[in-house]
Amino acid sequence: MSTNTCTNPITISLTLNSKPLSIAVDPAERLLDTLRYQLGLTGTKEGCAEGECGACTVLIDDQPANACLVLTCQLAGRFVRTIESINVDTLHHMHEQGTTQCGACTPGVVMCAQWINEHQDVLKHQSLRQLMSGNLCRCTGYDGIILGIEKTLNETNPATAHKDPR
Amino acid sequence: MRRREGLAKLTGSEKYIDDLSIPGCLWGMAARSPVPRGIIRQIHFAKDFNWSEFVVVDHRDIPGTNEIFMIQNDQPVLAADRVMHIHEPVVLLAHPDRQACRHAINQISFDIDPLPAALDYRKVPTTEQIQYASDNVFAHLSVTKGDVEQAFKDAPHVIQGIYETGAQEHVYLENQGMAAWFDDQGVLTVQGSMQCPYYVVNALKHALKLDESRVRVIQSPTGGGFGGKEDYPSNLACYAALLALKAQQPVKIIYDREEDLAATTKRHPARLKHRTAVDDQGRLIAQDIEMIIDGGAYVTLSPVVLSRGIIHAAGPYACDHVRIEGKAMLSNSVPFGAFRGFGVPQAAFAMERHMDHIARTLGIDAVEMRRRNLIRDGQSLSTGQVINDGTDRVALMDLALKESGWAGHIKDHAAFNQTHPYLRKGMGLACIYHGSGFTGSGEVHLASKLHVAGLSDGRIEIRSANTEIGQGMLTVFTRIASHRLGLEPEQIVIAEADTSRVPNSGPTVASRTTMVAGKLVENACSDLLDQLGLPVHETGQVVVDAITAWHLDNPGQELVGTAQYRQPPGINWDDKTYKGDAYGTYGWATYIARVQVDLRTCTTTVLDFHAVQEIGTVINNTLATGQIQGGVVQGIGWALMEECCFREGAMINNQLTNYIIPTASDVPGISVSFLENPYEHGAMGAKGLGELPMDGPAPAIANAVADALSQLLIDQPDTIPLTPERIMSLTTPIHA
């Protein structure tokens, strides 16, 4: 079951979830489809296919990106991380605080949270709610997401304990 | 207790339908009508195109009846001779390559002779626009109480208002998706994203002419529903099954967001007219209410949405004389369908705006207006249902006022609004209620069944057709059974909602899963104890030991405790007269919004929001709080920003780029408080809760906007969404 028939694949090498990968792709193939349908990494979800909802958030060279807006052939030599790379032990606060309900936005939320956790300086410039505004959620009303991430951040870095000002 | 499937969702390992790899599977897609109404003359398949690679299905390939099985069966699976709305499916295609499918859809064109379309449900249709009965009215329902005409004659004040609400898109984050395949024995399996597996079974039986033993429906983990996956999955299941039948291969249809927004159901647009007789103190003497909803091109669920809407239209107030007339109208729009709240959000918006309107007209405080009218125990709602549940609804409102800092903010805002050059702050409240479970005799007709099996290893398995759609059903059912039998959560298995294994415990809708189906879990546990010869209050290891011992005595046998819904005593409802106990019980709430309007941009920001509700027992605080917060934010979206723009009955802003829903930075933290007054006929004392939070935000916010802009309004904010454009049209321009 393919999404795309390709006549002129190009082969690229990248690092995916800390492992080297060489893959032949259609030049027009989205990273989202490569992950989901070629590599079976279905944790990354499609929500809107136009970069609005953030359900397909992955980290490319440590920066969050919407996998629906990235062509796989652009990723030669790049470092890509997906939800499958996340250590389950880092998720217990989110589990406890109701960060996930239906789960469709959740992998994207977790990836964005992972990026914030690794770059906590960004919280000096923007609130957690602003930083999370690229990830649409229709279930939680965001409180469960914000609370779960706050607790996760505070555990990682208690010195800069963070609290949603709103 | 933590959400049972929480870690699977957080790690992305939960398998939704689009995540399942099905060997040999084709992609399916629909070619749709480009016009709102017309006669199909011809379907053109482009000549220089290799159609031999494609499986092509039209109405002639339907082995059964070309109808989507629902209330009136007027919607065809595939349009045959005529189309009734834009995006109505006419031809289905399947191909191994998804892009090829997309491309091929554009190689199909239609010759359609257009007919006059009815595109505004508020207008009386012309003769040429009549398409249903003699007047395009799908359903006409009414509620009457007392003598309205006489009461108006004697009334000191009569106050009128007209209120309108727009369509709303569910925007479940997982788009609609369904897969279908036939096995060697000719048994059809359909698996996908859905709320109601047995609705899908019924639709497949009807359209594919299969008896129940040949249809198996499995719910995949479902990425949000909100009603959008109540009725529509039946359509999608039929499309996938028809393609699979013709292809003799599995077929999967996954909508992308644009197709999902364009082709699936939305909340019914509605217009309500209120005419109310009140005394000098603002006490309601008589209410005369008209509710019209836009049904779209086919009946679907509109009559039951209308039913719930009109029953709630008079609000949670005591009034002796009430007349409510409701109509669901045909229009040549994509059919409107179930959406969280199911007619009540529209009704509550009108009622609670109207309460403020009455208060303002009479010079009475909005809170006082409600205090004087809120229903007390012993008084009756519009259907004559006497409320006697022991909940103090005035105290509930007072708690919300206290928690929101109402009095203090009112004072502060007055000073702020006088001095600030371009910001205006305001507060608004809404008193709301929501009937739990199906309306009237609905639960009796459903006669839901549920099983709890004792497994040979001593664990128990709950077998129900209720679905986890994000609301927490897996966790709540686990908790209910764990509480009932004194077992650890790990000793409780919840069966996959697979209709070949689970009985029909009814649809996952109407705030009924915890209260009604959860009660069946308790009762099936009791039956299991009974079958084991254990006393009804036995719990813990004794139960586990009895189950394992039973299996040793009865090797290979099934040990199943069963339960079937029985109406609690004392509920009396008449479907014909719409009198009596419309619901077994109600959730009650007061919601308070504080907003700030920026007069330069006419944008409204919700500064804080307080939701106080009585929902019986709170079974899981995190889940219940999350339901309220999520519902409130969905309500904020509907109130302020979510606008479906229609052209010829089809949504033209069918992208998340221009259909705007709230982000984390658009909303404040939502403050949630519960009062608990256990309902004896609900599981562990629970009532329904999932829809209540959709009912209150819109009127509370509109009332707050009216408060903020009171000095500037040339027209009232009685239509939502209150987009900046609409706020601009309601206010006199400022020159800051």
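## Surroundings of Gln219(B)

Leaving aside residues up to four places away in sequence, Gln219(B) touches Gly192(B), Met194(B), Pro197(B), Thr467(B), Glu468(B), Ile469(B), Glu496(B) and Ala497(B), where contact means heavy atoms within 4.5 Å. The model is predicted: local features need pLDDT of at least 70, side-chain atom pairs count only at pLDDT 80 or more, and totals for chains, interfaces and linings use all residues. Residues are numbered from 1 along each chain as its sequence is written, chains are lettered from A and ligands numbered from 1 in the order in which they are written, and side-chain values use heavy atoms, with hydrogens and water left out.

Gln219(B) belongs to strand E11 of chain B, residues 215-219. Helices (H or I, at least four residues) and strands (E, at least two) are DSSP runs, numbered from the N terminus. The side chain of Gln219(B) reaches the backbone oxygen of Glu468(B) at 3.1 Å. Gln219(B) counts as buried because its relative accessibility is 8%; buried means under 20% relative accessible area, exposed over 50%, and partly exposed in between (1.4 Å probe, protein chains only).

## Cysteines

Over all chains, a search of the whole structure finds zero disulfides, a disulfide being a pair of cysteine sulfur atoms within 2.5 Å. Cys105(A) is in no disulfide, and its nearest cysteine sulfur, that of Cys137(A), is 3.9 Å away. With a relative accessibility of 6%, Cys105(A) counts as buried.

Cys319(B) is likewise in no disulfide; the nearest cysteine sulfur, that of Cys431(B), is 16 Å away. Cys319(B) also counts as buried, at 3% relative accessibility.

## Interface of chains A and B

Chain B gives 61 residues to the contact and chain A gives 51 residues. The area buried between the two chains is about 4,500 Å², and carbon and sulfur atoms give 53% of it. Buried area is the accessible area (1.4 Å probe) that two parts lose on being put together, summed over both. In chain B, Arg2(B), Leu10(B) and Leu173(B) lose the most area to chain A, together 18% of what that side buries.

Five salt bridges are found across the interface, each a side-chain nitrogen of Lys or Arg within 4 Å of a carboxyl oxygen of Asp or Glu. Arg138(A) forms a salt bridge with Glu642(B), with the closest N and O atoms 2.7 Å apart. Helix H16 (621-640) is among the elements of chain B that give two or more residues to the side touching chain A. The largest share of that side, seven residues, comes from H16(B).

Conventions: Polar contact = N/O pair within 3.5 Å; in protein donor to acceptor, adjacent residues only side chain to side chain.
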